[in-house]
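Trainee: I have the model open. Can you walk me through it?
Mentor: Go ahead and ask.

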Amino acid sequence: MSAPYRILVADSIALDGLLPLSDDPRFELVMRPGLSGDDLAAAIADADAVLVRSATKITRASLARADRLKAIGRAGVGVDTIDVDAATERGIPVLTAPAGNSISAAELTMALLLAVARKVPAADRSMKAGEWDRKSFGGFELYGKTLGLVGAGRIGGQVAKRARAFGMNVIVYDPWLDRERARELDVQLAELDDVIANSDVLSVHVPLTDATRNLIGAAQLARMKKGAVLLNVARGGVVDEMALVDALRAGHLAGAGLDVYEQEPLPKESPLRALPNVVMTPHLGASTMEAQQNVAIEIAEAVRAALLHGDRSKAVNAAALTN
Ligand SMILES: NC(=O)c1ccc[n+]([C@@H]2O[C@H](COP(=O)([O-])OP(=O)(O)OC[C@H]3O[C@@H](n4cnc5c(N)ncnc54)[C@H](O)[C@@H]3O)[C@@H](O)[C@H]2O)c1
């Protein structure tokens, strides 16, 4: 048998999830989380594949001696911590695991929605302060309200199902969602303007691209119903943060639930932190045991298929790779 493929695990990744690689003698796992600079470049020089989450940065310099490297695997989505251009120039596919955290992100969306609707965080703070205040935390029901989704792919689709279970009407703007899938999800397709104008709760679930940056800006926020709620568990930048602060301060929106921000970590002085009607989490969408295990399995299988069969179907740079 030829020497096993050497796989550098450069971040802490759920071990159970790496079974598709660790269980097979054709692969050798080298666990070295936390490397950077020249140590990382040297470790990569000896590897056939490298696995990362988001802590370890794969820069152009870390790939300078990556002559043996055949795949970079990111356990999760988002490749802002990887120099994809440098990888592409070297013919290395950058694989991601986009599906494994969809349920977790959808559940956090519902958690934020319920937290905003019932003022759970503020009531909890008041209880911890020794109070028994039953007057300040009146809320609203989800039942019978309209949820507008901008984007209904993996996560938006899961949010739709959960919202339907709460008795919400769901309307969706997603130009790539076909009628069959809309029927399956039991949602109504609509134009963006109509979704914005008719929703009691508007939740964005699109990737951040040139087309979606500031998709929800001052003009769109102004067209939302007075007293509506905005949710962003997708990416900071899809919603114009300053415009959102203005809409919340003006009382046009009743509240917002946010997991992602234009700048992360969110600056200490961000005005969002001072708004009582905003419930915020620090990018926790994928922070569950299950999601971490799922994305580890997904990326381990993708790296395995890339090394054994040259499969690049999970590569974000597949189109740009020429060989
Ligand atoms: N908060 C977190 O921790 C967390 C975790 C996972 C994913 N995310 C983010 O959630 C978002 C959705 O992820 P996903 O896995 O559901 O992606 P996906 O690719 O499965 O779905 C995105 C959907 O958006 C639609 N879309 C694309 N451009 C659009 C546009 N201009 N207008 C309307 N619809 C558009 C697509 O047709 C697709 O159906 C992404 O931004 C992703 O980065 C966040």
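Trainee: What do the buried residues of H10 pack against?
Mentor: This is a predicted model. In it, the buried residues of H10 pack against helix H9 (218-223), S10, S11 and strand S12 (278-280).

Trainee: Which residues of H10 are buried?
Mentor: Glu-241, Ala-243, Leu-244, Val-245, Ala-247 and Leu-248 are.

Trainee: And the ends of the helix?
Mentor: At the start of H10, the backbone nitrogen of Met-242 has a side-chain oxygen of Asp-240 within 3.2 Å. After H10 comes Gly-251, with a positive phi near 80 degrees.

Trainee: Moving on to the core. How many residues are in the largest nonpolar core?
Mentor: That core has 30 residues. Leu-202, Ile-216, Leu-221, Met-224, Leu-230, Leu-244 and Leu-253 have the most contacts inside it.

Trainee: Which helices and strands each supply at least two residues of this core?
Mentor: Helix H8 (192-198), strand S9 (201-204), strand S10 (228-232), helix H10 (241-249) and strand S11 (253-258). H10 gives the most, with 5 residues.

Trainee: Take Ile-216. What is it in contact with, leaving aside neighbours within four places in sequence?
Mentor: Ile-216 is in contact with Ile-196, Leu-202, Val-204, Leu-221, Leu-230, Val-238, Val-239 and Asp-240. Apart from this core lies another, of 27 residues, with Ala-117, Leu-147, Met-168 and Val-233 among them.

Trainee: Now the ligand. How many residues surround it, and which are the closest?
Mentor: There are 23 residues around the ligand, the closest being Arg-154, Ile-155, Asp-174, Val-206 and Asp-259. The shell divides into 12 nonpolar, 7 polar and 4 charged residues.

Trainee: Which ligand atom is 2.9 Å from the side chain of Asp-259?
Mentor: A nitrogen atom, with an N or O atom of the Asp-259 side chain at that distance. An oxygen atom of the ligand is 2.6 Å from an N or O atom in the side chain of Asp-174.

Trainee: How much of the ligand does the protein bury?
Mentor: The protein buries 86% of the 860 Å² that the ligand exposes when taken alone.

Trainee: Last one, Leu-108. Where does it lie, and is it buried or exposed?
Mentor: Leu-108 lies in helix H4 (residues 102-118). Leu-108 counts as buried because its relative accessibility is 15%, and the cut-off is under 20%.

Trainee: What does Leu-108 touch, not counting residues up to four places away in sequence?
Mentor: Val-233, Asp-259, Thr-281, Leu-284 and Gly-285.

Notes. Residues are numbered from 1 along each chain as its sequence is written. This is a predicted model: local features need pLDDT of at least 70, side-chain atom pairs count only at pLDDT 80 or more; totals for chains, interfaces and linings use all residues. Side-chain values use heavy atoms; hydrogens and water are left out. A residue is near a molecule or strand if one of its heavy atoms lies within 4 Å of it. A polar contact is a pair of N or O atoms within 3.5 Å; within protein, one must be able to donate a hydrogen and the other to accept it, and residues adjacent in sequence count only if both atoms are side-chain atoms. Accessible areas come from the Shrake-Rupley method with a 1.4 Å probe; for residues, only the protein chains shown count as cover. Ala, Val, Leu, Ile, Met, Phe, Trp, Tyr, Cys and Pro count as nonpolar, Asp, Glu, Lys and Arg as charged, and the others, Gly among them, as polar. Helices (H or I, at least four residues) and strands (E, at least two) are DSSP runs, numbered from the N terminus. Buried means under 20% relative accessible area, exposed over 50%, partly exposed in between (1.4 Å probe, protein chains only). Contact means heavy atoms within 4.5 Å. A nonpolar core is a set of buried Ala, Val, Leu, Ile, Met, Phe, Trp, Tyr and Cys residues joined through side-chain atoms within 4.5 Å.
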